[in-house]
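Here's a quick tour of a structure, from the overall fold down to a helix pair and a ligand site. Have a look at it first.

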Amino acid sequence: MRKSVLLTGLGTLLATCLSTAAVAEPVDEDLVIDGEIAIITKTAAPEGHPFDELLSGWLYRTPETRALEADSFQNPGMLAVELGEEIWNTVEGSEGKSCATCHGDASESMKGIGARFPKWDADSGRPINVELQINECRTERMGAEPYKFDKGGQKPLTAFIKHQSLGLPVSLDLSEGDMQSWWERGEEMYYRRTGQLNLSCASCHELNNGLYIRADHLSQGQANGFPTYRLKQAALVSLHNRFRGCIRDTRAEYPAAFSDDLMALEVYVTWRATGLSVETPAVRQ
Ligand code: HEC
Ligand code: HEC
């Protein structure tokens, strides 16, 4: 009884949110961080993409939020990037090594790396993201414990590595290993309707893109700014956390972080941002 009332309530809430919502165009503005680093926030989609033009989530945000991302001194996510740099240089584990021991200056060794993840990992026979690569180096090469999801240095270090690719276009190599079949699995997930609200990712980010849902302007749901600083949470948010939040909003069970399902979704959703600049750490509502 209580459950069905709740269900109807949610369905109605969502229907009301979407149907009475105003449509607003994303802004037509350029993002140049610190007046120096030009960010590609609009680009022609790669072949086979459902959109003609890809748009960064930045274009959908308020002037205040956009201004925070345009100035790295004001971007609250930059504190996490600085923390990531400290971790990069800190010795940990039984081998007495830091990331810097092997990789040196991250501004050189990590430049462009974040724009190419997730990538095929022959050892584990699956795609890995930056978070899992960090864990691989920690366990295999430093004799340190892997970070648990969203814990320890995982978010700051991931943000620090991705930040070294700020401005560079997202570009995945789908020809490596089995990347193509993971892409297909991710695509299938993207369009599969789930949960009590029977929504897919595409229901919101493709079909209703541009509408307001509650106070939030629905974007294309691009992954190029992650980990992202969310003002609502006053914290850096990882991509798998965002995925889980969006799935939870459909009232579906959500898969574990780094599970095959979410890795496949990361491959596919990251590909959907091909050609947009890495914005890490982006600032969002
Ligand atoms: C003992 C040396 C060593 C240490 C310490 C080490 N790594 Fe690595 N790392 C490597 C090697 C070797 C590779 C290349 C492996 C490969 O190409 O498959 C690598 C690969 C990587 C890559 C992927 C680079 C690419 O081209 O795709 C990233 C990112 C990375 N490491 C981050 C880190 C971070 C962050 C730390 C610290 C937590 C760390 N590494 C610590 C040796 C190390
Ligand atoms: C009920 C509607 C809804 C559904 C379904 C939904 N999302 Fe979202 N999503 C949102 C809202 C609202 C936001 C925040 C505003 C925005 O950027 O669209 C968001 C944001 C995002 C972002 C961050 C965009 C940015 O620029 O920071 C990503 C990535 C994302 N969603 C991916 C997904 C994926 C993948 C799925 C399917 C598993 C999904 N979403 C399903 C509503 C939804």
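The notes below go from the whole chain to its details.

## Ground rules

This is a predicted model, so local features need pLDDT of at least 70 and side-chain atom pairs count only at pLDDT 80 or more, while totals for chains, interfaces and linings use all residues. Residues are numbered from 1 along each chain as its sequence is written, with chains lettered from A and ligands numbered from 1 in the order in which they are written.

## The whole chain

The protein chain has 11 helices and 11 strands; these are DSSP runs (helices H or I, at least four residues; strands E, at least two), numbered from the N terminus. Its C-alpha atoms fill a box of roughly 60 × 45 × 40 Å along the principal axes.

Of the 285 residues, 34% are buried (20 or more other C-beta atoms within 10 Å of the residue's own, with C-beta atoms placed from the backbone).

## Helices 6 and 7

Helix 6 (residues 130-142) packs on helix 7 (residues 154-163) at an angle of about 110 degrees, their axes 9 Å apart. Axes here are lines fitted to C-alpha atoms over the stretch in contact, and angles run from 0 to 180 degrees between N-to-C directions.

On the helix 6 side, Val130, Glu131 and Ile134 meet Gln154, Leu157, Thr158, Ile161 and Lys162 of helix 7 (contact means C-beta atoms, placed from the backbone, within 7 Å).

## Around ligand 2

Ligand 2 is surrounded by 26 residues, with Gly57, Cys201, Cys204, Gly221 and Cys246 the closest (the cut-off is a C-beta atom, placed from the backbone, within 6 Å). Helix 9 (201-207), helix 10 (239-248) and helix 11 (260-271) each give at least two residues to this shell.

Definitions and conventions:
A residue is buried if 20 or more other C-beta atoms lie within 10 Å of its own, exposed if 12 or fewer, and partly exposed in between; C-beta atoms are placed from the backbone. Two residues are in contact if their C-beta atoms, placed from the backbone, lie within 7 Å.
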